[in-house]
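Hi everyone, thanks for coming. Let me put the structure up, and then I'll talk you through the spaces inside the protein and the metal site.

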Amino acid sequence: MDALIIVDIQKDFLPGGALAVSQGDEVIPVVNALQKHFDLIVATQDYHPASHLSFAANHKGKNPGDHIDLKGLDQVLWPIHCVQGSEGAAFADRLEMTKVKKIFQKGSDPEIDSYSGFYDNGHLKSTGLGDYLRQKGVDRVVIAGLAADYCVKFTALDAKGLGFDTVVVKDGTRAVNLKEDDFERALEEMEAQGIKVVGSQEIIKK
Ligand code: VGL
Ligand code: ZN
């Protein structure tokens, strides 16, 4: 059984958003086309309280892009984004959501960030996504969305670590690219862990 995991396709990650991913909007038609090929589709949603400690604005004198130690973990600081209940936290207008069975929210604990849709960055708490997929009999997950170098990458690494065959759709994701080669490095890191990186056509043609 296959599942499609749609990662964080939210307004704040689209061009014009608070944490805009360049060409992030281009993944939407790709993900909408992919959905026709799956019987089980879930989505993750970055969903922070305004007090979230990944926001530079919550640290005096810090700017987005700076790093801090947050409870023992290296944390890059971000602009305020995906605040619970805000327009920026909403899913993209053009994203097809009618087939999405369940939404897994993450990043709600102000004291720890959560890039993966499965666990927070300290692997302390699970979102329930892994148990949900297992209970549905899923053995392969296909992942697309934003951003390739953060939430897609960590979602894929956790999926693989949990034993799912894991596929990432290269044209269904875009990177933040704080450094210019972060996209390529993220793909390499995932492939090194046995995650397959494919084009959407490889899934659609079947
Ligand atoms: C993300 C940075 C901060 C993501 C979320 O969805 O990739 N990146 N929060
Ligand atoms: Zn976030």
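With that, the lining of the largest cavity divides into 9 nonpolar, 2 polar and 3 charged residues.

Some housekeeping: this is a predicted model, where local features need pLDDT of at least 70 and side-chain atom pairs count only at pLDDT 80 or more, while totals for chains, interfaces and linings use all residues. Residues are numbered from 1 along each chain as its sequence is written, chains are lettered from A and ligands numbered from 1 in the order in which they are written, and side-chain values use heavy atoms, with hydrogens and water left out.

On a 1 Å grid over the protein atoms alone, a cavity is a set of points where a 1.4 Å probe fits but cannot get out, and a pocket is an open set with protein on both sides within 12 Å along at least five of seven lines; lining residues have an atom within 4 Å of a point. A volume is the space filled by probe spheres set on the points, which are joined across faces, edges and corners.

How many cavities of 30 Å³ or more does the structure hold? There is 1, and the largest cavity has about 120 Å³ of space. Its lining has 14 residues, and Phe-13, Leu-19, Trp-78, Tyr-150 and Cys-151 are the closest to the centre.

Now the pockets. The largest pocket has a volume of about 440 Å³. Of its 21 lining residues, His-67, Asp-149, Tyr-150, Lys-153 and Phe-154 lie nearest the centre. By class, that lining has 9 nonpolar, 4 polar and 8 charged residues. The second largest pocket holds about 220 Å³, and its lining has 3 nonpolar, 6 polar and 5 charged residues.

Finally, the zinc ion (ligand 2). Donors are N, O and S atoms within 2.8 Å of the metal (3.2 Å for Na, K and Ca); water is not among the atoms, so sites may look incomplete. The protein donors here are Asp-46 (OD), His-48 (NE2) and His-81 (NE2), at 2.0 to 2.2 Å from the zinc ion. In sequence, the donor residues are spaced D-x1-H-x32-H. Asp-46 is buried, at 3% relative accessibility, where buried means under 20% relative accessible area, exposed over 50%, and partly exposed in between (1.4 Å probe, protein chains only). His-81 is buried as well, with a relative accessible area of 3%.

Technical notes
Ala, Val, Leu, Ile, Met, Phe, Trp, Tyr, Cys and Pro count as nonpolar, Asp, Glu, Lys and Arg as charged, and the others, Gly among them, as polar.
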